[in-house]
Amino acid sequence: MVRIVIMGDMGDMGDMGDMGGGRAAVHSAAGKESTREIPAPDRHELSCWGIGNRSVPRPPAQHWERGGSDASLTQRTVVENSALNIVVLVKYVPDTQFDRHLTGDNHRIDRNESILSELDEYALEAALALTDARGGVKAGNKVTALTLGPASAAAAVKKSLQIGATEGVHVSDDALAGSDASATSLALAAAIKTLGPVDLVITGMASTDGETSIIPAQLSARLGLPQLTFAASLEVEGSTVTARRDGDDFTEEIQATLPVLVSVTDQANEPRYPNFKGIIAAKKKKVTTLSLAELGLSAHAVGPAGSLTQVVAAAERPARTAGTIITDSGEAGIALADFLAAQKLI
């Protein structure tokens with residue numbers, strides 16, 4: 001196993017990471033350690049066993065402050081154990097207990113039987129654990145559950161509030177229907193900019209409907225934030241965010257300075273359940289609904305017109321056919337071996 005500790009100003013990380021200078025310490029299973037200085041050019045490559053060579057562009061510097069023509073955000077100084085303002089992305093997705101179906105000529109997912117995405121519950125738990133450790137709401141910490149979708153998607157925000165989120169934001173506009181990941185991330189980024197200054201944006205590792213896992217990277221680029229993706233653990237000390245990413249035969253420990261975007265896996269924690277007190281308290285929590293006009297976006301920037309991809313054809317999954325039944329008459333073992341060989345399984 002290789003354990004990689006990366007320290008420094010981290011930009012858009014992609015699968016591996018873009019470091020703006022610092023040190024990389026590589027720890028092998030034999031206990032040997034080698035450290036080298038890493039410069040901060042516009043492009044670089046970091047190579048180590050188990051990872052390979054990766055070269056990623058350094059993103060342009062952006063600021064975390066609401067206002068100005070670009071409505072960007074400007075970074076603020078975070079002191080030790082100061083209150084955190086965290087945004088958690090939550091999504092209303094078809095319940096995985098039922099078969100998924102596409103409806104209409106546009107081949108859109110039928111969301112009649114939908115729930116809060118299970119993978120987003122890990123993101124919500126990560127946020128609540130961080131704010132609980134800093135004194136919760138009484139100490140000024142805030143966790144905002146942000147969703148995008150039709151009126152029914154408000155159910156995802158409602159459950160998030162019952163679990164413990166401080167307030168909710170629902171981006172809802174008829175023009176958003178049919179948006180792909182790119183158009184969706186555009187609208188989400190615009191919504192997050194209305195909530196600044198934001199310290200952390202936390203997402204799940206994927207949605208259980210589209211399963212693209214690209215929204216975190218797209219948001220990172222749109223907001224100009226460093227991204228720590230697929231985190232199996234998450235810690236914040238002062239202004240430093242540390243995440244652990246587990247691979248098949250290596251573990252990475254990666255760091256960045258607030259504000260940061262993080263996606264967490266289903267190994268990061270054990271999500272809490274809403275209790276009676278939380279369900280009652282959720283009724284009094286604030287939920288803000290935002291339209292595209294309020295986000296400063298046109299209808300042509302989202303939906304099918306603003307999407308980079310579209311579904312041109314779809315078909316129902318073929319029904320499962322009956323299997324081959326082998327009756328044991330003394331040669332069942334041979335028949336089974338012949339069948340597996342014919343399927344090229346042995």
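What follows is a short chat about a predicted model.

Me: What does the secondary structure of the chain come to?
Reply: 8 helices and 19 strands. These are DSSP runs, numbered from the N terminus: helices are H or I with at least four residues, strands are E with at least two. Residues are numbered from 1 along each chain as its sequence is written. The model is predicted, so local features need pLDDT of at least 70 and side-chain atom pairs pLDDT 80 or more, while totals for chains, interfaces and linings use all residues, and side-chain values use heavy atoms, without hydrogens or water.

Me: How much of the chain is buried?
Reply: Buried residues are 43% of the 346. Buried means under 20% relative accessible area, exposed over 50%, partly exposed in between (1.4 Å probe, protein chains only).

Me: Switching to Arg272. Where does it lie?
Reply: Arg272 is in the loop between β18 (260-264) and α5.

Me: Buried, exposed or partly exposed?
Reply: Arg272 is partly exposed, because its relative accessible area is 28%.

Me: And which residues does Arg272 touch?
Reply: Leaving out residues up to four places away in sequence, Arg272 touches Glu125, Leu128, Ala129, Asp132 and Ile163. Contact means heavy atoms within 4.5 Å.

Me: What about Arg272 and Glu125?
Reply: Their side chains make a polar contact at 2.7 Å. That term means a pair of N or O atoms within 3.5 Å; within protein, one must be able to donate a hydrogen and the other to accept it, and residues adjacent in sequence count only if both atoms are side-chain atoms. Arg272 and Glu125 are 147 residues apart along the chain, with C-alpha atoms separated by 6.7 Å.

Me: Which helix holds Phe276?
Reply: Helix α5, residues 276-282. Phe276 is exposed, at 66% relative accessible area.
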